[in-house]
Amino acid sequence: MKIENPAQTQTLGADLRALRKARRLTLAELAEMLGRSVGWLSQVERDKSEPGVTDLRQIAKALDVSVSSLFRQDAVPVQEQGYIVRASARRPIGSREAGLVEELLSPDLTDDFEVVHSTFEAGSQINRPVTRPTQEVGYIVSGKLDLWINGTTHALSAGDSFRVRGEPYRWMNPYAQPAVVIWVIAPPVY
């Protein structure tokens with residue numbers, strides 16, 4: 001696998017391309033969903049054209065990500081681009097619904113995987129199972145989390161880890177304390 005220049009991967013276009021590919025969409029398919037030309041979308045992915053706010057909303061909706069996840073939070077010093085993510089500069093990702101707060105720990109979405117810091121608020125849960133074409137590994141940093149994988153519920157505590165490989169899963173935190181989980185997902189989905 002060719003390692004790209006980190007300064008070149010820290011772009012909106014690179015992230016959009018990675019998200020599109022993770023969803024197994026061609027340029028033509030995504031352009032059609034957006035009502036835009038393939039040429040326009042290609043220019044956006046190559047950072048030759050900058051999408052407007054309305055475009056970003058449509059792209060976020062089509063790729064099933066939050067608009068805020070498409071924005072950089074803080075300017076990153078050149079020597080840290082592609083290498084370092086400061087705690088104060090984590091990008092929020094996901095929808096923040098159901099009591100789940102997620103932040104991207106990876107510098108960008110151009111790798112074969114992404115690393116996510118997930119905080120499951122006390123009493124939070126999702127009711128419908130999620131199935132994604134991914135491999136996901138999680139490590140419980142603190143708190144407790146119940147994880148339902150393909151029909152079986154697992155009670156997890158700090159220090160425990162898990163793996164999900166394309167199976168339906170859902171989570172719940174019926175406990176009084178938040179659960180913090182480091183989640184690795186391949187390919188990236190945010």
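Valine 137 counts as partly exposed because its relative accessibility is 40% (buried is under 20%, exposed over 50%, partly exposed in between, with a 1.4 Å probe and protein chains only). Valine 137 sits in strand E4 (strands are DSSP runs of E, at least two residues; helices are runs of H or I, at least four; both are numbered from the N terminus). This is a predicted model, where local features need pLDDT of at least 70, side-chain atom pairs count only at pLDDT 80 or more, and totals for chains, interfaces and linings use all residues. Residues are numbered from 1 along each chain as its sequence is written, and side-chain values use heavy atoms, leaving out hydrogens and water.

**Whole chain**
- The chain has 5 helices and 9 strands.
- Of its 190 residues, 42% are buried.

**Arginine 132**
- Arginine 132 lies in the loop between strand E3 (114–120) and strand E4 (135–142).
- Arginine 132 counts as buried because its relative accessibility is 18%.
- Beyond residues up to four places away in sequence, arginine 132 touches Gly166, Tyr169, Trp183, Ile185, Val189 and Tyr190 (contact means heavy atoms within 4.5 Å).

**Tryptophan 183**
- Leaving aside neighbours within four places in sequence, tryptophan 183 is in contact with residues including Arg132, Glu136, Val137 and Phe162.
- The largest nonpolar core has 38 residues, and Trp183 is among those with the most contacts inside it, with Leu63, Phe120 and Phe162.
- Such a core is a set of buried Ala, Val, Leu, Ile, Met, Phe, Trp, Tyr and Cys residues joined through side-chain atoms within 4.5 Å.
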